[in-house]
Amino acid sequence: MSSVPIGRDGAAEGRVRMGVLGCADIALRRMLPAIAAADAAELVAVASRDAAKAERVAARFGCAGVKGYRTLLERDDVDAVYVPLPPALHFEQVAEALRAGKHVLCEKPLCTTHAEAAELMELARRHRRILAENFMFLHHSQHAEVRSLVDAGAIGELEVLSGSFGVPPLDPTGFRYASSLGGGALLDVGVYPLRTAQMYLCGEPEVLAATLRVDDATGVDVSGTALLCAPDGVAAQLEFGFRHSYRSRYALWGGEGRISVERAYTPPEQLKPVVRLQKQDRLTELAMPADHQVRNALAAFTATVLTGGGGPVCEAESLLQARLVEDVRKVARIVTV
């Protein structure tokens, strides 16, 4: 067990002792390396239902390998957990973690339903534990720069937002093609442009129309579109899927110009993304600083834990996100492919 002193809210003073529930690809590629390298976090253990797999991953990252998620949650040297499991497993495992007294950073989407998301928020509040939905792209500095341009009137009054996130077909044996695990393009990539709409539209947008193309063999949606409208009439036109060539962008079109963000959701940390500002016949390309959104997302979480207290982080945004996903499903025209 760690001998690091324990702070007033259960976290080690100066760092958060973390466990990881599951050995998902996103954990292996992105979050586990970030935790292992962070000054404010200590990677204590990784859990899997397969003991051998847990041991292999643990050896790679220099931590303990644990068989079973409950076993990890019972450790008293773990303050917080990262949950990268398939979406349909989030509710049960996050609830168990909160009841065990752990802070939780849960990979997006937090849940597959609005009711489950609301229940987890209340559970986090009751147990005074941090609960954060992990939309890593929000922590890249390029979006704050774009927000500043919009607020400064660079494109005039915003009229329309468009957003696209599409990737080529994925592993057909993976959870994304299993409806029982919360698979489908809407929950996997569609949530990104939906969350982008929250960044720039005022108030709570309404889903006016949507389409979902559903794979007949698996029963999961593999692509879709959505049309949203804010209370002030600003529209958001969104598209997503994993039947596409790669595209990860959004654009803001106003009365005096247009801003395009071409590497919006998964920019490599070494990349200096280019934001394009077009006004009449003048195009300006603005090189944004390289940034590490994974490291930033982790730093934001650990900083919140270390400040003490507890409860849900960005509760209103996460609940609105869950409602928008449900509304897309409610109004969508379903096309079988």
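**Entry 1: before I start**
I am reminding myself that this is a predicted model.

**Entry 2: strand 1**
I began with strand 1, residues 16-21, and asked how many of its residues are buried. I found 6 of 6 buried, so by the cut-off of under 20% relative accessible area the strand is mostly covered.

Next I checked which way the side chains go. V16, M18 and V20 point one way from strand 1, while R17, G19 and L21 point the other way. Residues on both sides are buried, and I noted that R17 is one of them.

**Entry 3: the neighbours of strand 1**
Which strands pair with strand 1? I found strand 2, residues 41-48, running parallel to strand 1 and joined to it by 6 bridges. Looking across from L21, I see A47 of strand 2 standing opposite.

I also found strand 4, residues 80-83, which pairs with strand 1 over 3 bridges, again in the parallel sense. Here V20 has Y82 of strand 4 as its bridge partner.

Then I traced the chain from strand 1 to strand 2. Helix 1, residues 25-37, belongs with these two strands in a β-α-β unit, and I noted its hand as right-handed.

**Entry 4: cysteines**
How many disulfides does the structure hold? I counted 0. The cut-off I am working with is 2.5 Å between the sulfur atoms. C63 itself is buried, at 18% relative accessibility.

C202 is in no disulfide either, and the nearest cysteine sulfur, in C229, is 12 Å away. Is C202 buried or exposed? At a relative accessible area of 52%, C202 is exposed.

**Entry 5: salt bridges**
My thought before starting was that side chains of opposite charge can pair when their charged atoms come close. The count comes to 17 salt bridges, and I picked out a few to look at.

The side chains of R125 and E315 meet in one, with N and O 2.8 Å apart. R125 sits in helix 5, residues 114-127, and E315 in helix 9, residues 315-331, so this pair ties together parts that are 190 residues apart in sequence. Both partners are partly exposed: R125 has a relative accessible area of 37%, and E315 comes to 23%.

I moved on to E204 and R323, whose salt bridge is 3.5 Å from N to O. E204 is in the loop between helix 7 (185-200) and strand 8 (206-214), and R323 is in helix 9, so the pair ties together parts 119 residues apart in sequence. I have E204 down as exposed, at 52%, and R323 as partly exposed, at 24%.

My last pair was R276 and E285, with their closest N and O atoms 3.0 Å apart. R276 is partly exposed, at 28%, and E285 is partly exposed too, at 48%. Going back to E204 and R323, I found that salt bridges with shared partners join them with D327 and K330 into one network.

Terms used:
Residues numbered from 1 in each chain as written. Predicted model: local features only at pLDDT ≥ 70, side-chain atom pairs only at ≥ 80, totals over all residues. Heavy atoms only, no water. Buried < 20%, exposed > 50% of the residue type's maximum accessible area, 1.4 Å probe, protein only. Helix = DSSP H or I, 4+ residues; strand = E, 2+ residues; numbered from the N terminus. Pairing = 2+ DSSP bridges. Right-handed = clockwise from strand over helix to strand, strands pointing away. Salt bridge = Lys/Arg side-chain N within 4 Å of Asp/Glu carboxyl O.
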